[in-house]
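Me: I would like to go through this model feature by feature. Please give the general idea each time, then the case at hand.

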Amino acid sequence: MRLTMVVVWTTALLVLLQKTVSSPDSSVDRSSQNLSSVPPDLPGTTESLDLSRNRITQLHSGDFQNTYLLKFLNVSWNSLEDIDAETFTCTPLLENLDLSHNGLKNLTGQPYLLYTGNLLVLNLTWNMSPTMSLGSEFSHLAKLERLAVGAANISVGDFKNLAQVNLHTLSLSLEDELEYEAGSLKDVRAHRLQIVLSRSQIMDPDLVSDALMLFVEVELMNLAGGFKTLSKRLSERVEIYTSHLYLNKISIAWTDLTNLVNATLHKNIAHVSVSDVVMFNLPFSETEVTKTSKMKSFTVRRAVVKSFIFSQEAVYNFFISLPVESLTIVETSLIHMTCPKSVSPVLHLDFSHDALSDSIFSRVEGQQMVDCENLANVRNLTLADNNLKSLHILSERFKHMRSLQHLDLSLNSIVFDGSSECFWPLGITILNLSSNGLTESVFECLPKNLQTLDLQNNEILAISSSIFKLENLSTLNLNANKLRELPACDTFPALNKLMIKSNSLHVPSMSKMETCPKLKVLDVSDNPFICTCSLRGFISLGITSERKYDSGVDIINWPLGYRCSYPEAVRNSSLKDFWIPEVLCNVWLLAATILVPAVILIVTIVALCRHLDVPWYISMIWQWTKAKHRTRRRQVGAEDLAGVEFHAFVSYSQHDADWVHRDLLSNLEGGLRISYHEKHFVPGKTIIENIISCVEKSWRAVFVLSAHFVKSEWCHYELYFASHQRLSRGSDSIVLVLLEPLPQYLIPSKYNQLKSMMNRHTYLEWPQDRVKQRLFWANLRAAIQADLPNAPAAQIQE
């Protein structure tokens with residue numbers, strides 16, 4: 001029957017897990033609502049439930065029947081007096097249970113714990129249990145890591161049921177009237193013991209002895225007295241098992257503190273940490289410090305001084321003289337730290353989050369500042385978040401730290417104006433100058449053997465190539481500065497990792513990257529990239545870096561941290577998705593792409609034009625257009641046409657008469673009056689008289705040029721008289737028609753006038769192609785067209 005129930009519950013739990021694994025209602029807060037019982041309307045998806053500060057007096061078996069996924073339950077600060085045995089049967093995943101500050105009367109009978117086998121944290125402090133005797137139910141908490149309990153009496157055997165439970169931390173909250181029996185903690189198997197005292201309580205000496213003998217780490221909280229007893233027990237015990245001692249929230253006099261520290265230095269407690277400490281009755285003179293010890297680290301965190309008049313130098317000298325490997329004083333209003341009077345064994349110093357100034361470790365002798373020479377063994381020095389200001393002065397302060405390797409000066413107000421020379425220890429390989437006010441001049445004041453340099457969050461605009469080489473620098477962090485371009489690696493030949501995130505970089509220069517042969521990691525994310533052709537090389541590098549097997553540069557945060565800021569059309573788009581064709585970015589390729597088709601097109605057009613005689617058509621149309629334009633522009637008056645009877649006189653060789661009669665006259669005489677010698681020469685008159693008469697009576701003279709024309713003597717006379725007539729009627733009174741090709745060398749020298757006319761005038765060429773002849777006749781008509789007065793009656797009758 002029991003096995004069947006287990007199977008049913010397991011199946012139901014798995015189904016519910018599948019349905020609610022991504023539910024947003026996993027955390028429920030019902031604290032401070034004056035509840036008297038567990039609310040019945042809890043969501044089934046609840047994983048964290050806070051019922052603290054209510055009036056709940058009892059937990060019942062059905063209170064959590066719907067919260068199968070519950071992992072964290074806080075029922076502290078209620079009035080709990082009883083918890084039913086089967087209260088947590090429906091919460092198999094419960095890991096953290098807080099029942100502190102209630103009215104549970106004993107720790108012996110807690111049967112509900114039998115159903116909390118997955119508990120990791122259990123808090124039962126500040127209840128009403130008179131004794132610390134833990135019941136057998138605690139032995140079932142095999143996974144328990146942190147247990148917090150409290151009682152007025154602790155006796156031998158109280159923790160026997162925890163003997164098989166391997167705790168990390170056992171926390172004991174002790175009441176004012178504590179009765180402790182020596183050896184009561186021997187059954188506890190825990191790495192750390194935390195003892196929380198009330199403010200007025202004095203530490204029990206037997207409890208101190210057992211704690212130091214049985215636990216690796218011991219933490220004492222709210223300790224306000226009993227320090228002499230603690231120091232005495234530390235001095236008396238030969239063997240101490242504790243290696244880590246923590247004193248938290250304590251109030252202590254200077255004498256008690258120094259005695260306790262000196263007593264601890266004699267033992268094998270390796271690490272001592274004092275947090276939230278209030279010190280009073282501080283000294284006016286020096287306090288002796290044990291010269292040798294086994295202690296490795298001493299830490300003070302958030303120390304407050306209640307004395308107004310004391311010797312600050314005596315306090316500083318005590319701490320800086322501690323014979324430890326690591327000294328830490330942080331989150332304290334520490335305004336100065338002196339130099340130890342002898343060579344210090346300290347390897348690690350941490351004075352971060354204090355109020356130190358540039359005078360750190362120095363002293364004044366007469367009118368001169370003397371730098372410290374007794375911290376030569378320090379390897380790591382952390383001075384983050386102080387009041388440091390001058391990089392040059394700080395280099396002076398640390399120049400005698402010959403072993404210094406790691407220096408952290410971040411979160412200060414450090415500047416450097418470049419006017420002074422800096423003197424750093426040669427061994428510094430790691431330097432953190434982040435979050436200061438440094439400019440590019442800082443590169444003139446750096447240790448020469450640096451391997452890692454952090455300059456993020458400063459005011460650096462550019463890195464000059466004229467600075468001295470940092471031969472060993474492999475990691476350079478320039479995030480959150482104002483750089484506009486990548487630095488060249490001429491000054492960083494060994495650079496392996498470069499970070500320039502959140503600067504003003506528009507286009508990472510590939511030529512600059514080529515100067516970095518050892519660069520393997522690059523971060524230039526969150527910069528205002530201008531997506532143009534210049535960015536194509538970097539985009540290609542980013543895409544290549546996605547291939548993990550590639551041995552090139554690894555681009556950090558690619559592609560999520562890389563977006564275009566300009567132009568507007570691609571703003572906020574990923575660089576990975578930005579693409580410009582190669583032809584638009586390569587000048588020679590673009591020129592070839594444009595010029596080659598253009599040349600081909602021009603050659604094709606020229607060839608087609610020559611093949612189709614386009615130039616001839618253009619020439620003829622141009623002549624026709626000019627003729628029409630001249631006709632419109634020149635207003636022919638009646639006086640100009642006085643005595644004009646014909647539109648044109650045609651002069652031609654008798655050998656060309658067939659063409660003239662067949663083609664020319666048949667195309668012109670319809671609508672135009674044409675004069676020619678065969679028809680209009682008057683018998684009885686001399687040829688010269690007829691020529692002169694016909695030319696004078698004609699608006700234009702048309703000369704049909706051919707090889708026969710230039711051989712005709714009469715044609716020459718006609719041309720001669722027509723050229724004289726041109727003086728009175730304008731240069732366009734003569735129209736030349738080239739019947740056949742007539743090279744200049746065929747024209748006799750006596751026809752100089754004809755040669756001159758052919759050079760100055762555009763002549764009409766007779767085309768053999770019938771298609772072209774229509775345009776030829778249109779041009780010829782336009783050239784001789786005019787509104788002539790009516791012809792004489794005799795002429796009409798003819």
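The dialogue below takes up strands, a helix pair, an open sheet and a loop residue.

Me: What should I know about the model before reading it?

Reply: The model is predicted, so local features need pLDDT of at least 70 and side-chain atom pairs count only at pLDDT 80 or more, while totals for chains, interfaces and linings use all residues. Residues are numbered from 1 along each chain as its sequence is written, and side-chain values use heavy atoms, with hydrogens and water left out.

Me: How many residues of strand β13 are buried?

Reply: Helices (H or I, at least four residues) and strands (E, at least two) are DSSP runs, numbered from the N terminus. Buried means under 20% relative accessible area, exposed over 50%, and partly exposed in between (1.4 Å probe, protein chains only). In β13, residues 217–221, five of five residues are buried.

Me: Which residues lie on each side of β13?

Reply: In a regular strand the side chains alternate between the two faces of the sheet. In β13, Glu 217, Glu 219 and Met 221 are on one side, with Val 218 and Leu 220 on the other, and both faces are covered.

Me: Which strands pair with β13?

Reply: Two strands pair if DSSP finds at least two bridges between them. Strand β12 (residues 190–196) pairs with β13 in the parallel sense over five bridges, and Arg 192 is opposite Glu 217. Strand β14 (residues 244–253) also runs parallel to β13, joined by five bridges; here Met 221 stands opposite Asn 248.

Me: How do I read the packing of helices α4 and α5?

Reply: Two packed helices are described by the angle between their axes and the distance between the axes. Axes are lines fitted to C-alpha atoms, for helices over the stretch in contact, and angles run from 0 to 180 degrees between N-to-C directions. The axes of α4 (residues 254–265) and α5 (residues 312–320) come within 12 Å and cross at roughly 15°. The two helices are therefore roughly parallel to each other (angles under 35 degrees count as such).

Me: Which residues make the contact between α4 and α5?

Reply: Contact means heavy atoms within 4.5 Å. From α4 come Trp 254, Leu 257, Thr 258, Val 261 and Asn 262, and from α5 come Val 315, Phe 318 and Phe 319.

Me: Which strands stand at the edges of the open sheet?

Reply: The order of this five-stranded sheet is β32-β31-β33-β34-β35, with parallel pairing. At its edges are β32 (674–676) and β35 (764–765), each with a single partner strand, so one side of each is left without a neighbour in the sheet. Helix α12 (residues 657–668) packs on the sheet and touches β31, β32, β33 (698–705) and β34 (734–738); the direction of α12 makes about 155° with that of β32.

Me: What are the pairings of β31?

Reply: Strand β31 (residues 646–651) pairs with β32 in the parallel sense over three bridges. Ala 648 is opposite Ile 674, and Phe 649 has Ser 675 as its bridge partner. Five bridges join β31 to β33, again parallel, with Ser 698 as the bridge partner of Phe 646. Six of the six residues of β31 are buried.

Me: Where is Asn 457, and what does Asn 457 touch?

Reply: Asn 457 is in the loop between β24 (452–454) and β25 (475–477). Asn 457 is partly exposed, with a relative accessible area of 40%. Not counting residues up to four places away in sequence, Asn 457 touches Ser 435, Asn 436, Asn 479, Ala 480 and Asn 481. Asn 457 and Asn 479 are 22 residues apart in sequence, yet 6.2 Å apart in space, C-alpha to C-alpha.

Conventions
Parallel < 35°, antiparallel > 145°, perpendicular 65-115°, else oblique.
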